[in-house]
Amino acid sequence: MNQDELKQAVGQAAVDHIKPHLDEDSIVGVGTGSTANCFIDALAAVKHLFDGAVASSEASAERLKSHGIPVYDLNSVDGMDFYIDGADEINEHLEMIKGGGAALTREKIVAAVAKKFICVADESKMVGMMGTFPLPVEVIPMARSHVARELVKLGGDPVWREGVVTDNGGQILDVHNLKIQSPMQLESDINQITGVITNGLFAQRGADVLLLGTQDGVKTLK
Ligand code: 5RP
């Protein structure tokens with residue numbers, strides 16, 4: 001299977017995973033990116049089984065609506081059982097780097113509300129130590145240079161993702177060359193920098209389940 005087929009396989013596996021738990025009141029939390037898109041497309045086949053979705057980006061909201069799936073504002077729902085999203089890197093502890101699609105802040109917020117985070121990823125995303133993929137950090141625009149200087153002090157090489165404005169009006173710094181030995185600590189340290197909206201380390205709230213697409217089928221890691 002090629003990478004696209006692996007993404008489709010994990011998207012379908014996520015639907016199979018949540019389907020027995022869906023009822024007419026269920027709200028499904030939906031992430032962002034090409035793997036999350038595969039999940040959305042598979043989810044459309046069971047849209048009669050649940051109420052609607054909360055999306056972590058405008059792009060995912062549009063895709064959900066195009067399938068006729070109602071999309072709710074997060075403030076209008078009490079909670080949700082599942083949040084399904086991809087990752088840029090994930091380790092054996094199910095800690096992740098996310099934000100390659102610049103949706104990290106809304107992803108972190110929706111994930112915080114969900115009882116269970118299901119990560120869907122092809123096997124290329126599984127790593128020993130995170131940091132080969134540059135860590136995205138969303139910043140208030142006027143703080144960008146200040147945050148960049150502070151990130152250099154933490155050992156990284158931040159690069160402004162020029163031209164990208166997030167759904168929240170933020171800008172993105174991609175931090176290269178970090179050796180992420182203590183993901184939870186680094187997540188806190190970066191979030192302490194004034195002007196940071198959030199960073200793409202999902203360690204304090206990692207995934208609960210990983211559906212990993214491999215050439216031997218979809219593996220479930222918990
Ligand atoms: C978007 C994300 C995505 O989940 C991450 O970039 C993975 O994307 P893809 O499934 O396209 O590889 O965090 O902000």
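Between which two strands does the loop that holds Leu94 lie? In this predicted model, local features are reported where pLDDT is at least 70 and side-chain atom pairs where it is 80 or more, while totals for chains, interfaces and linings use all residues. Residues are numbered from 1 along each chain as its sequence is written, and side-chain values use heavy atoms, with hydrogens and water left out.

Leu94 is found in the loop between strand S4 (89-90) and strand S5 (96-97); helices (H or I, at least four residues) and strands (E, at least two) are DSSP runs numbered from the N terminus. Although Leu94 is not a glycine, its phi is positive, about 65°. The residue is buried, with 3% relative accessibility, where buried denotes under 20% relative accessible area, exposed over 50% and partly exposed in between (1.4 Å probe, protein chains only). Ala102, in the loop between S5 and helix H4 (104-113), likewise is not a glycine and has a positive phi, of about 70°. Ala102 is buried at 13% relative accessibility.

Helix H3 (residues 58-66) has Ser60, Ala61 and Leu64 as buried residues. Viewed down the axis of H3, the buried residues fall within an arc of 105°, so they line one face of the helix; the arc is taken from the directions from the helix axis to the C-beta atoms. Ala59 and Ser66 are exposed on the other side of H3. The cover over the buried residues of H3 includes strand S1 (27-30), helix H2 (34-43) and strand S2 (52-55), contact being heavy atoms within 4.5 Å. Apart from neighbours within four places in sequence, Ala61 is in contact with Ala55 and Val71. After H3 comes Gly68, with a positive phi near 80°.

The ligand has 16 residues around it, of which Ser34, Thr35, Asp88, Gly99 and Lys125 come nearest; a residue is near if one of its heavy atoms lies within 4 Å. This shell comprises three nonpolar, eight polar and five charged residues, with Ala, Val, Leu, Ile, Met, Phe, Trp, Tyr, Cys and Pro counted as nonpolar, Asp, Glu, Lys and Arg as charged, and the others, Gly among them, as polar. Oxygen atoms of the ligand lie 2.5 Å from a side-chain N or O atom of Thr35, 2.7 Å from a backbone N or O atom of Gly99 and 3.0 Å from a polar backbone atom of Thr32. The protein covers 91% of the 380 Å² of accessible area that the ligand has on its own, as computed by the Shrake-Rupley method with a 1.4 Å probe.

Note on methods. A polar contact is a pair of N or O atoms within 3.5 Å; within protein, one must be able to donate a hydrogen and the other to accept it, and residues adjacent in sequence count only if both atoms are side-chain atoms.
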